[in-house]
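Here's a quick briefing on charged side-chain pairs. Have the structure open as you read.

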Amino acid sequence: MYNIIDIENWKRKAAFLFFKNFDDPFFNVSVNVDVSNLYQKCKIENLPFTLSMLYYSNKILNSIPEFRMRLKGEEVLEFEKINVSFTLLHEDNTFTFCYLDFQEDFETFVEQGMKKIEQERKTKELDGKADLLDTIHYSILPWLQFTTFKHARRFNTGDSIPKITIGKRFKENEKWKIPISVEVHHALMDGFHLGQYFQKWESEMYRLL
């Protein structure tokens with residue numbers, strides 16, 4: 001379900017009209033986030049770390065309206081809920097996309113995620129499902145402690161789905177950190193909204209104490 005934004009009375013009308021027709025309207029920020037408490041939670045409770053990261057990331061994104069907005073033609077849609085699409089590596093070092101409905105309940109999300117991963121490992125269909133707008137595209141790169149990231153992209157397609165990349169966990173000053181890259185469409189949001197995402201990460205991780 002979604003609502004259509006009234007662009008004429010939208011506070012971001014000027015920025016939207018300015019950026020929406022750029023050849024490359026996406027901008028990117030990469031930040032090392034502290035995941036020490038989540039890492040400890042996963043170790044103690046024997047939980048899958050990547051699915052846990054995806055849960056908290058998407059929980060935060062769903063709390064920020066701009067991350068639920070998408071372009072469709074000349075319209076801006078605001079979805080009630082955004083789901084998860086993430087890359088899944090197979091034993092032969094190829095990958096596919098795994099699609100997972102977001103659940104507010106952490107245990108339910110992780111349980112369903114583990115089932116979907118097992119299912120995807122059997123089918124191994126590389127289906128990008130470009131028609132699914134109510135999702136976030138996640139890439140999982142557990143080998144790289146990157147400082148920046150750029151996605152492959154088709155231009156002039158109207159794509160406005162945020163791309164988030166989760167990198168390699170590393171230890172710094174006795175804290176476990178992980179790089180997260182967030183790439184978003186500038187017609188739909190600004191640096192302020194990316195700041196909200198990373199600030200809310202800090203709050204969510206603090207609550208796990």
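This is a predicted model: local features need pLDDT of at least 70, side-chain atom pairs count only at pLDDT 80 or more; totals for chains, interfaces and linings use all residues.

Residues are numbered from 1 along each chain as its sequence is written, and side-chain values use heavy atoms, leaving out hydrogens and water.

**The count**
- Taking a salt bridge as a side-chain nitrogen of Lys or Arg within 4 Å of a carboxyl oxygen of Asp or Glu, we get 12 salt bridges.
- Among them is a network that links Lys-59, Glu-204 and Arg-207.

**A pair across strands**
- Asp-34 and Lys-175 form a salt bridge, at 3.8 Å from N to O.
- Asp-34 sits in strand E2 (residues 26-34) and Lys-175 in strand E10 (residues 175-185), so this pair ties together parts 141 residues apart in sequence; strands (E, at least two residues) and helices (H or I, at least four) are DSSP runs, numbered from the N terminus.
- Asp-34 is partly exposed at 29% relative accessibility, and Lys-175 is partly exposed at 41% (buried is under 20% relative accessible area, exposed over 50%, partly exposed in between, with a 1.4 Å probe and protein chains only).

**A pair within a helix**
- Glu-111 bridges to Lys-115, with the closest N and O atoms 3.6 Å apart.
- Both belong to helix H4 (residues 106-123), with 4 residues, or about one turn, between their positions.
- Glu-111 is partly exposed at 46%, while Lys-115 is exposed at 54%.

**One more pair**
- Lys-13 and Glu-8 meet at 2.8 Å, N to O.
- Lys-13 counts as partly exposed at 26%, and Glu-8 as exposed at 56%.
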